[in-house]
Amino acid sequence: MSVKNVEHAPTVTVTVVYHSVHGHTRVLAEHLAAGARGVPGAEVHLAEIRAEDVNAGRWHDEQTMALLGRSDAIVFGSPTLMGSVSAVFKAFMEAAFTPFIEQGWKDKLAGAFTMSASQSGDKLTVLEQLAVFGAQMGMQWIGVGDMPGNNWSGGSRDDVNRLGSWLGLMSQSHADLDADQAGSRGDLITAERYGERIARLAQRWVNAVPYETPRMTEHEARALSASLREAAVV
């Protein structure tokens, strides 16, 4: 089965569900969705978890839950706040108790991303929190498949996977910059590559579309980041 022709590609539904406080995490979600949309047959949705949908600590949005119920892959996104997902996103996670007891999301594909102002900010705890959530929902987890960047003297913050994260996507934005300067070029490219990876694996998982695993050495990964930096300058 070929996916080169969009008209004949089977459909797979990918939903990026996220909460963003100042817009930085939203930018990451948009780039991840853009990467997924590049996969033939991928129907991609952005679903924002909003504070106004939380009442007395409980989140409720029937349309979003219905969308997630018919999605083949769900990517969770939250800023890292005090070493945890945001309170608003946690309210959404607790609202997933209904599909949990019905195993409504079982064997859907899942992934996650997070953003913080600090270089570390304990973002790993958020990805772990989201991975455990996905496991409780019976989902199949997809991590970042890129080699690490910015880990040698010739590296840069614009490298692919510059924070060296594999459980999910990590990004960092300076707290005093607006959302239009969210992350780094490397972070946004990594988000797009991660979105494409999830959509392609969803096609393989759901529709048995042939998938050839892309692999590269550390040297090839560094060359890729260098070529992307050169393209940005041009």
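How many helices and strands does the protein have? The protein has 7 helices and 8 strands, where helices (H or I, at least four residues) and strands (E, at least two) are DSSP runs numbered from the N terminus.

## Basis of the model

This is a predicted model, in which local features need pLDDT of at least 70 and side-chain atom pairs count only at pLDDT 80 or more, while totals for chains, interfaces and linings use all residues. Residues are numbered from 1 along each chain as its sequence is written, and side-chain values use heavy atoms, with hydrogens and water left out.

The mean pLDDT of the protein is 92, pLDDT being the predictor's confidence in each residue, from 0 to 100. A score of at least 70 is reached by 96% of the residues. Over residues 1–5, pLDDT stays under 50. For that stretch the model has 7 contacts beyond four places in sequence, a contact meaning heavy atoms within 4.5 Å. Where pLDDT is low, the predicted coordinates should not be read in detail.

## Overall dimensions

The 7 helices and 8 strands belong to a protein with a radius of gyration of 17 Å, close to the 17 Å that the globule rule gives for 234 residues, so the protein is as compact as a globular protein of that length. The radius is taken over C-alpha atoms, and the globule rule is 2.2 Å times the number of residues to the power 0.38. Along the principal axes, the C-alpha atoms fill a box of roughly 50 × 50 × 25 Å.

Among contacts in the protein with a separation of 6 or more, 76% are between residues 24 or more positions apart.

## Surface and charge

Of the 234 residues, 48% count as buried. Buried means under 20% relative accessible area, exposed means over 50%, and partly exposed lies in between (1.4 Å probe, protein chains only). The accessible surface comes to about 11,400 Å², and carbon and sulfur atoms supply 51% of that area. Accessible areas come from the Shrake-Rupley method with a 1.4 Å probe; for residues, only the protein chains shown count as cover.

There are 20 positive and 27 negative side chains, and the centres of the two sets lie 4 Å apart. Lys and Arg count as positive and Asp and Glu as negative, while His and the chain ends are not counted. Each charge is placed at NZ of Lys, CZ of Arg, CG of Asp or CD of Glu.

## The loop between β7 and β8

S156 lies in the loop between β7 (140–141) and β8 (169–172). D159 and N150 are also in the loop between β7 and β8. S156 has 17% relative accessibility and counts as buried; D159, at 2%, is buried as well. N150 is partly exposed, with a relative accessible area of 35%. The phi of N150 is near 55°, a positive value in a residue other than glycine.

Beyond four places in sequence, S156 is in contact with N150, R162 and R229. S225 is 69 residues from S156 in sequence, and their C-alpha atoms are 8.6 Å apart.

V75 is in strand β5 (residues 73–79) and is buried, with 0% relative accessibility. Outside the four places on either side in sequence, V75 touches V14, T15, V16, V17, L32, G111, A112, F113 and I198. V75 and I142 are 67 residues apart along the chain, with C-alpha atoms separated by 9.3 Å.

Y194 lies in helix α6, which covers residues 185–207. Y194 is buried, at 2% relative accessibility. Apart from neighbours within four places in sequence, the contacts of Y194 are L32, G111, A112, I142, G143, V144, L167, G168 and L169. Y194 and D159 are 35 residues apart in sequence and 14 Å apart in space, C-alpha to C-alpha.

## Two exposed loop residues

A56 sits in the loop between β3 (54–55) and β4 (58–59). A56 counts as exposed at 77% relative accessibility, and has a positive phi of about 55° although it is not a glycine.

E212 is found in the loop between α6 and α7 (218–233). At 74% relative accessibility, E212 counts as exposed.
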